[in-house]
Amino acid sequence: MIHSRAQLKKDLLGWLWVSPWVIGFLAFLAAPMAMSLYYSFTDYPLLEGPVWIGLGNWQRMLTDEVFHAAILRTAWYAILFIPIATAMALVIAALLNEKVKAGGFFQAAVFIPTLVPMAGSAMIWLWMLNGEYGLINQSIHAAFGWAGIEGPNWLQNSKWAMPSILMISLWSIGQMVVVYLAALKEVPDELLEAGALDGMGPIRRFFNITLPMISPVILFNIITLMIGSLQVFAIPYVLSAATPGNDPRAMYFFTSSMYDNAFRYNQMGYASAQAWLQLLITLGLTAIMFAASKKLVHYRA
Amino acid sequence: MVLGGVGFAAFGPRGAKEDGRGRVVLDYWEKWTGHEAAAMKKIVDAFNQSQDRIVVRYLTTSGIDQKTLITIAAGDPPDVVGLWAYLVPVFAESDSLIPLDELDTKGEVRVERYATGFRELMTHRDSKGKTRQWATMNTGGTLAVYYNKAHFREVGLDPEKPPRTIEEFDAAHRKLVKRDADGSLTRAGFMHIEPGWWSWIWVFQFGGGVYDAASDRSIIGAPEAVAAYEWMQSYSKELGVDATKKFRAGFGNYDSPLNAFLTGRLSMVIQGPWLANVINAHGPKDANGKPLIDYGVMPAPVIPSLVDPRNPVGLVEGDVLVIPKGCKHPKEAMEFIAFTQRQEHVEALSLAHYKSSTLAVSSEKFLREHPNTGVRVFDAVAQSTQGFRYPRTQAWTQFKDELDGMAQRMWSLDQPAKEMLATVQARTQSYLDRAEEQRNLRGRSIRGGRA
């Protein structure tokens, strides 16, 4: 009895300590998620109460052309961004892993852009990418203007909207580089030395030893990149709003559609269904990645 | 700690509804910043000093439409909100505002007090289909074309006789275009998509519209609209799509010295009366600080059959004051609103905002002292029987997004105007149908139950 009372007190104390998180989880995550699941089956214009419409919102997603285009654009973004960002981050991490002078400076230089808020970053790039006065086009003009090569109208030409957004997103891969760098430092030197003794060159050592050794980290980074890509919002939103003369639809992504439906078009029910679709797609793709990783990812025993 | 937090959330302090001296506290949210916000603050201060029963707390905030929406949904809105007039239908159809005709017992803000063009902006049907007055105008905004008189003189145009018809406007534009030696644009007469905030208004200059309220139908594919957008495309063809994109990349923000009208890159631009403030603030000035841009204002050009100097065609829009449903002190809120609508306050605010008055009759002093030399043109648009407004439908935000995107593709000559308009008509109609479905679900169809 005494023992169980003491145990109960201990349990209660434990719950008390974790209660801020539990309350926060229930109030700000679990309850809103449950409510949004309910709303996804309703017509809910916010100013009036929700009306049950069953699968109406889900059926509407099948015929919403603007939403389809936004999904396709988001898919393209993810398809392009994930491999490019992964390759770039790996290469930069590999370079930073070499013992070079002022290595700390380069690490800081790569990481600092991740500290800039997304909206601020978009505003900086808005000027960098200005078709006439932007730093990038001015540089292209200075370097290649003699040959008649000029930079494109990055933000006002809808064909260049995606490359612009990719470029801005790639500016902020510092966090991923740091994770890769930490993983590279964990690769046992003896394995690399053994590979060298066996006659492997640096490239073969990288692909046959380093890459398998850091593959769990690559998987983690790819999954977080995929989630981030599906949720891309702030950069295209700011760029689109602040660029006169662009086609707003050229920078319209999955989350843009969700935001507009929820807060501009007063269709919270439809936006909730979109949010749940996004979650289901994310879960599905994550599951596929985990399934594929069984053969591709090497976990140390 | 946890109990304290829960207790604070449940029973903690709320926004005080009575100050220490027993006065009723009203919360008034407004969207303006800078000098526009300061001008309204003076009126709030004057109200607070004028009596001892009510005190207004004035808060300027961004995203006011979304915040108002959420606070009404949550049941705890401010007492008075300054919204954009085009949002009135969204709030009115769901009875989310308190009708002013219920509260305005003295008739201080009745719609007849206001200029013809503004009256419709204050009214809309309620959830039962009855037309009510939901708002008063706070400031008005009509559109007209500013033109640079020096540029006109330079190319042999008479600045005192600006173009009135589309044809005359085209001729003026062509004369005003300038290119440098390599053919790059250095000046354009006019570009429909600069600034592009009202991309769809040209349809009205051709006698058409974008939305038929009687049938709740999108009419953006009608012949008048096709003519208007073909007209827009003719400018793009003449100036060159790539050339204008490169040219526009050099335009700065509206409220900056790099504004294309201020830098002389555009000789004519469609804008509201507020542009005069930007000209005075950021435009080039002489040694005595006097603005150097010699500008004139003319009504936007129309097809010959619509030319009527007394009734120019132009967009009439504005800011409104509303009392949200859930307001704790609607009578006091009405009293404050009525105070703001006294002629001296309306004119003081309009002067500070560089806008024309919203009232049916403006004082001669107001017109004489107005810092915008073209104020009489803006006033004429407000008083005109040919003024038009944003379509009064709750689907307008989505509808407009579609039109704005189309305008850019139209300018880029992605498709012939007629084809693009047919597609956009179908899509915008689907937004209207969707709004009708929402009404049907709540038993208040405006098409007799047919979506």
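Me: What percentage of the 451 residues in chain B do buried residues make up?
Reply: Keep in mind that this is a predicted model. A residue counts as buried here if 20 or more other C-beta atoms lie within 10 Å of its own. Of the 451 residues in chain B, the buried share is 47%.

Me: Which element gives the largest share of the side of domain 1 of chain B that touches domain 2?
Reply: Where they meet, 20 residues of domain 1 are in contact with 18 residues of domain 2. On the domain 1 side, β6, α16 and β15 of chain B each give two or more residues. The largest share, five residues, comes from α16(B).

Me: Within what arc do the buried residues of α8(B) fall, seen down its axis?
Reply: Helix α8 of chain B spans residues 166–176, and its buried residues are B:Ile166, B:Phe169, B:Ala172, B:His173 and B:Leu176. They line one face of the helix, because seen down the axis they fall within an arc of 125°.

Me: Which elements are included in what covers those buried residues of α8(B)?
Reply: Look around the helix in chain B for whatever covers its buried residues. The cover includes α7 (149–154), β9 (185–187) and α10 (223–239).

Terms used
Residues numbered from 1 in each chain as written. Chains lettered and ligands numbered in written order. Predicted model: local features only at pLDDT ≥ 70, side-chain atom pairs only at ≥ 80, totals over all residues. Contact = placed C-beta atoms within 7 Å. Helix = DSSP H or I, 4+ residues; strand = E, 2+ residues; numbered from the N terminus. Buried ≥ 20, exposed ≤ 12 C-beta atoms within 10 Å, placed from the backbone. Arc of directions from axis to C-beta.
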